[in-house]
Amino acid sequence: MSLDDTFPENSEFPTIPSFQDSPFGDESIFNKKFDDNQLVEKYLRDILSLMQKNGISQFYYTHLPVNNANTGILFYGKIQQGRLIVSIVPTRLSINNEKFVYEVLEDKTDFKITTHSKGNLLLKGENTKWKLISTGNNFESLPFETNNYLERISSNNLTLNYQELMQIYEEMMAKREHLAIGNKENRIKELSKVIQKQLENPFYQTVKLCVYIKQVDAQGNVIGENLLKTDYKTKECEVRLNITIKPGEKIEIKHVVHPNFLKEYEDKWKKEARARGLDVDISQMRKESNEEFEKKETEYNFYQKFIQQSKALFNDKIGGYVEAIQATQKVAKNVWAEGTVYKSNWHSKDDDHKNWPEYMQFEPIVGGVTDGAIDEIIGIKMAITTVYDIATDEEKRNAFSQVFTAQGMEQMYAGLKQEAEEIYKDTERSEHFVGKTTVAVGSMFLGGIGLFTKAGKLGEVLDSVSGFIKRITNPKVVKVYEDIRNFFLKKPKDGGIEVNDYLKKLDDDALNELGEELAEDVGMLDNLKKAPKNFILGKNLEKNVERLIQSNDSNFLSKIAEKAGITIEEIANYIPLQQVQINLPTGGFTIADNVWIKTVKVGDEIRYDVIVNEVKLSKATDFTKRQNEFIEAIGKQDSKFKLRNTKFTEEYDLPQGTELNIKTYIKTYSKDSNDLTNNLDFEKIK
């Protein structure tokens, strides 16, 4: 029987309860139970600490019950996901040299542990052999008699009480000089394996990270060292960690950045700053951004999060620290290279979202605010610092997200307003308030969505944000709507009022989908600004067409079928979908107003034939840039179109990435803008 057979990785162990202050007296049975469970937790923590300090990941402990010299009891402990689980093993026995031995231990050690031998500890670390320590006569027996253990095993009550855990702890403490697993060289060797595996993670290959590890003795002499790299072909490391391991598993970690790290992006931002008329020292900003990573405060925050507070095994703690550096520096590079954090950081449906560790999966609005800071150029350093804060400090992350709710902004506005009223008559205090507001709010919002500089008064900003942010999950969409709002602030009578009213009436899904379309297709956004009333009429026509499809209007469907070269009976075999996002072979995506999709089996393969319908206000209405790219690509031999939406997965079994075979592209338009339902015409485009 193997160790995994005894306790599989995902076995259901009884959980250790948590307790709050008891209202009962010291002598009550409730208070006694409370104290016992506190002691259980204490000794579990103490044993876990001993194991982690000595590189032990699992152990067996054997001893005899009270008044039984022949049949011992076996306990097993293992660290799982940072928790120590210890339990009675209902083990089978076998005979070896006429003596009963524990069957589960036979392949663990050459020394056969008999059922009547007293205390034994069998220890194992990650990737090490089992190590046997005989504890001798430290304890005469286990705390309870044989019947106690038999009853617990028969009722499947396998958890240990505090007396048994205390005994295991005391046994380990008595032999603490012999607990360490492996020799000094193995510490570096095994740690190197963990770090190198992390450095080879393909998700982080854009960051050229080096990790130098050394182990020193009490006198500071180096007793083992190694240098590990993401890429051994490169001489220089962009970022380097210097890790020192001292006796007692004390760890020191220093951050080092190459002087030229991110320098290749300076010219791009200098050019952008000149174009905007900004007086920004880009070289100095890059230098300060790199220095931020090397600061003791930054090192301390990472150490607290990934070493001090981590419940993982020693080697895995350091591996987790290395990943944190890879993750944050990957984002830092993208900030300088592309001017944004990764979409996959905040967009939960992005393919790469789950490749990021949980602490690098931002709330959407945090991603939007950080991108907003970068967009202002002077906020690049602040945005990167914010990423460090979000990764290492849960409280800051929660507070940062909370500010960007309608309630959070209203509270801030109320506070600022009250302070303004109090200092209104005091010129010096008034000037201080203006500066304080600019720094506190501006810094907290990181230039956010560009609201303060572009939208004007604070009240207008708060009104805008509280009205939209709470309904939008994609920060890029927030930016689009703020762009529209700011555009029409200057000329509300030129369609701004109608646009505002139209957007207010959309439900959350429609608002987000329209925003995505406008963010992706600049031509469509220009159309909205140039002819807002026609844009709204066109959107209303789309809704009317959608209603015709949902009601199975035979006249409408017969026209679509005719243009697609099929009968109206055949179109009934197609699934009608609305607002379908389709990835284009040229990059980017388009949103088709209406799609009919049919599953076709070709041999052993499944193909999805698609009819696309695009709704236009009139025959003269031009296609947008993305729509023209779509039309041009249809029919080309190397063109591949894939479904971008995820909303059709559950109901229609059409997951994101489904390849689509575009058969026909149709344009439906109104012949009379005063009649957006009955006066339609149809044109086959491709």
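Which residue's side chain does the side chain of N613 join in a polar contact of 2.8 Å? The partner is N594, where a polar contact is a pair of N or O atoms within 3.5 Å; within protein, one atom must be able to donate a hydrogen and the other to accept it, and residues adjacent in sequence count only if both atoms are side-chain atoms. This is a predicted model, in which local features need pLDDT of at least 70 and side-chain atom pairs count only at pLDDT 80 or more, while totals for chains, interfaces and linings use all residues. Residues are numbered from 1 along each chain as its sequence is written, and side-chain values use heavy atoms, with hydrogens and water left out.

Contact means heavy atoms within 4.5 Å. Among contacts between residues at least 6 apart in sequence, 63% join residues at least 24 apart.

Five strands form an open sheet in the order 3-2-1-6-7, with antiparallel pairing; two strands pair if DSSP finds at least two bridges between them. Strand 3 (83-88) and strand 7 (131-134) stand at the edges with a single partner strand each, so one side of each has no neighbour in the sheet. From one strand to the next, the twist averages 15 degrees.

Strand 1 pairs with strand 6 (residues 120-124) in the antiparallel sense over five bridges, and Y61 stands opposite L121 of strand 6. Strand 1 also runs antiparallel to strand 2 (residues 73-80), to which six bridges join it. Within strand 2, Y76 is the bridge partner of Y60, and L74 stands opposite T62. Helix 4 (residues 162-174) lies across strand 1, strand 2, strand 3 and strand 6, and runs at about 105 degrees to strand 1.

Helix packing is the next topic. Two packed helices are described by the angle between their axes and the distance between the axes. Axes are lines fitted to C-alpha atoms, for helices over the stretch in contact, and angles run from 0 to 180 degrees between N-to-C directions. Helix 8 (residues 296-308) packs against helix 9 (residues 314-338) at an angle of about 130 degrees, with the axes 9 Å apart. That makes helix 8 oblique to helix 9, since angles under 35 degrees count as roughly parallel, over 145 as roughly antiparallel, 65 to 115 as roughly perpendicular and the rest as oblique. Residues making this contact include F302, Y303 and F306 of helix 8 and Y321, A324 and I325 of helix 9.

Helix 9 also packs against helix 12 (residues 380-392), at an angle of about 160 degrees and with the axes 10 Å apart. These two helices are therefore roughly antiparallel. Among the residues in contact are V331, V335 and W336 of helix 9 and I384, V387 and Y388 of helix 12.

I253 is buried, with a relative accessible area of 9%. Leaving aside neighbours within four places in sequence, its contacts include E299, I307 and Y321. The C-alpha atoms of I253 and Y303 are separated by 7.8 Å, although the two residues are 50 apart along the chain.

Finally, the text returns to N613, which is found in strand 14 (residues 605-616). N613 counts as buried because its relative accessibility is 0%. Besides the contact with N594, the side chain of N613 has a polar contact of 2.7 Å with the side chain of T668. Not counting residues up to four places away in sequence, N613 touches residues including V545, F556, I560, W596 and I666.

Conventions. Helix = DSSP H or I, 4+ residues; strand = E, 2+ residues; numbered from the N terminus. Buried < 20%, exposed > 50% of the residue type's maximum accessible area, 1.4 Å probe, protein only.
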